[in-house]
Amino acid sequence: MKRLIMSAFLALAVVPTAVQAAPAAPPVPGEIAITDGSKPYLIAHASGLQIYTCNGTWTLLRPDALLTDKFGKVIGTHSGGPSWELRDGSIAKARRDAGIRVEQNAIDWLRLAVTSVSAGVDGDRLTNAKWIQRINTVGGLAPAGPCAPGTTLEVPYTADYVFWK
């Protein structure tokens with residue numbers, strides 16, 4: 001009996017790491033909802049910069065952000081393209097499909113259609129990505145008004161990226 005209880009306890013202790021529930025679809029405005037039956041499978045928090053250049057007006061040059069999991073562990077990066085690369089080396093690139101301004105002082109929430117994926121040396125976590133949503137944005141907006149051509153500006157931002165397959 002003691003052996004049976006210990007076996008059951010060990011089996012339950014292993015289940016949470018072996019079977020991880022997929023994240024729930026976050027509530028978002030209809031304009032950026034994913035409605036094709038895809039399911040979210042990864043949520044990453046981004047903290048970094050939106051980098052702008054001046055061509056008479058401020059234009060986004062690229063983002064530069066670290067991606068972390070829900071425990072704050074760095075799992076990858078987000079950069080120009082736009083592209084996302086996880087620590088396993090897998091990469092997803094995407095294009096803007098839809099967007100909506102949710103907060104007046106923050107960059108838009110987006111729905112991005114994945115255009116290409118590649119596996120990394122250590123894994124393929126992003127190779128199933130079909131959609132990416134950028135939600136819960138804070139900051140990142142270029143200032144309004146004139147700018148000096150040729151100058152660059154780094155604006156801090158945070159956001160959550162939801163990867164769908």
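**Exercise 1. Determine which side chain makes a polar contact with the side chain of Arg111, and describe the setting of Arg111.**

Step 1. The side chains of Arg111 and Asp97 make a polar contact at 2.6 Å. A polar contact is a pair of N or O atoms within 3.5 Å; within protein, one must be able to donate a hydrogen and the other to accept it, and residues adjacent in sequence count only if both atoms are side-chain atoms.

Step 2. The model is predicted: local features need pLDDT of at least 70, side-chain atom pairs count only at pLDDT 80 or more, and totals for chains, interfaces and linings use all residues. Residues are numbered from 1 along each chain as its sequence is written, and side-chain values use heavy atoms, with hydrogens and water left out.

Step 3. The backbone oxygen of Ala33 is also reached by the side chain of Arg111, at 2.9 Å.

Step 4. Arg111 belongs to strand β6 (residues 109-118); strands (E, at least two residues) and helices (H or I, at least four) are DSSP runs, numbered from the N terminus.

Step 5. With a relative accessible area of 17%, Arg111 is buried. Buried means under 20% relative accessible area, exposed over 50%, and partly exposed in between (1.4 Å probe, protein chains only).

**Exercise 2. Find the aromatic pairs in the whole structure and classify their geometry.**

Step 1. The search of the whole structure gives 2 aromatic pairs. Rings of Phe, Tyr and Trp (its six-membered ring) pair if their centres lie within 6.5 Å; planes under 30 degrees apart count as stacked, over 60 as edge-to-face and the rest as tilted.

Step 2. The ring centres of Trp84 and Tyr161 are 5.6 Å apart and their planes stand at 65 degrees, so this pair is edge-to-face. Trp84 is in strand β4 (residues 83-86) and Tyr161 in strand β8 (residues 152-164), 77 residues apart.

Step 3. For Trp84 and Phe163, the centres are 6.3 Å apart and the planes at 90 degrees, so that pair is edge-to-face. Phe163 lies in strand β8 and Trp84 in strand β4, so the pair ties together parts 79 residues apart in sequence.

Step 4. Trp84, Tyr161 and Phe163 form one aromatic cluster. Trp84 and Tyr161 are both buried, and Phe163 is buried with a relative accessible area of 0%.

**Exercise 3. State how many helices and strands the protein has, and in what pattern.**

Step 1. The protein contains 1 helix and 8 strands.

Step 2. Along the sequence, the pattern reads α-β-β-β-β-β-β-β-β.
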